[in-house]
Amino acid sequence: MRFDVIVVGGGMIGLTTAIVLAESGRRVRVWSRDLVENTTSAVAGGLWWPYRIRPESRIGGWSLHSLDVMTGLAERPDETGVRMVDGTHLGLRMSELGAWAAEVPGLRPAASDELPAGFDIGLRARTPLIDMPVHLRYLRDRLTAAGGGIEVRALATLAQADGAAPTVMNCTGLGARELVPDPDVRPVQGQLVLAENPGVDEWFVAADPHSADTVYALPQPYGLILGGTAREDAWGVVPDPATAEAIVKRCARIDPRLADAKILDHRVGLRPSRSSARIEAERLPGGALCVHNYGHGGAGITVSWGCAQDAVRLMESSREAADT
């Protein structure tokens, strides 16, 4: 069968893009180098929050659309893996955020008695927190129900998808560095520690976007995710024991219960950073329309549905322009 669209990349960005396409009636096939459960998205912490992504002018629209979709999915947490969870972003003021912040329901300055020792400012919010393994399975099943499919296939160039469909959606994240090729795509390494939860039921984050070290705790059904790091141009995916120890110590300064929490696992993922997230269209050598949707940094989950919507709109407008 000839497909209408080939989506290259089977992580969060690729799956949401494929779902938007399939649920609008297109015949869609996802080509992914890895199984869904082995993508970078599978090891993400899963908190909705714009982090390390540009351009500022588009973050708000992408994030708010995704927030709306995920809030709806949170009505079925067992099925979708999405829950609405209260938490605190420490050391941050409303004035430091974009205009989008005013449209996030319940986002407000934290009261002094809501802040841990060592912090005098912060923001309180109730946001989606996603169990990524469950959520990725949900997205895969939703795509299948809409008539789409996923095939494990590694490509050396995007031109290899030319001819399989008149449109190719490039949602390859860090892989776009070699596949396009696009040297502007760079890794930002994130290391996590999974611990037994000693009773933490809210998330907390203290993340300076300019620092290589971050602090966060995200309560998931399978344990407490502690983080983290944001190391630019670091390609390693093997957890470093000294880094893991430092992560736990940073988190324990905020919640002392974490100092003795049992460690269950260690994880490393590579965020696909770029000077600006790329949603652009061009023609492949064989004539197929290629719409790029990659470079979302540390906010792929946060902007996924908004970027999928924009990428599909760009595909439609590009095809209409070609037909006139």
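1. S273 sits in strand β13, residues 263-273; strands are DSSP runs of E, at least two residues, and helices are runs of H or I, at least four, numbered from the N terminus. S273 is buried, at a relative accessible area of 17%, because buried means under 20% (1.4 Å probe, protein chains only). Leaving out residues up to four places away in sequence, S273 touches D184, V185, R186, V188 and G297. Contact here means heavy atoms within 4.5 Å.

2. A word on the source. This is a predicted model, where local features need pLDDT of at least 70 and side-chain atom pairs count only at pLDDT 80 or more, while totals for chains, interfaces and linings use all residues. Residues are numbered from 1 along each chain as its sequence is written, and side-chain values use heavy atoms, without hydrogens and water.

3. Three aromatic pairs are counted, 3 by the rule that ring centres of Phe, Tyr and Trp (its six-membered ring) lie within 6.5 Å. The rings of W48 and W100 are 6.1 Å apart at their centres, with planes at 80 degrees, so the pair is edge-to-face (planes over 60 degrees apart; under 30 is stacked, the rest tilted). W48 is in the loop between β2 (28-32) and α2 (56-73), and W100 in the loop between β3 (82-90) and β4 (108-109), so the pair ties together parts 52 residues apart in sequence. Both W48 and W100 are buried.

4. W49 and W100 also pair edge-to-face, at 5.8 Å centre to centre and 85 degrees between the planes. Both W49 and W100 are buried. W48, W49 and W100 form one aromatic cluster.

Note on methods
Buried means under 20% relative accessible area, exposed over 50%, partly exposed in between (1.4 Å probe, protein chains only).
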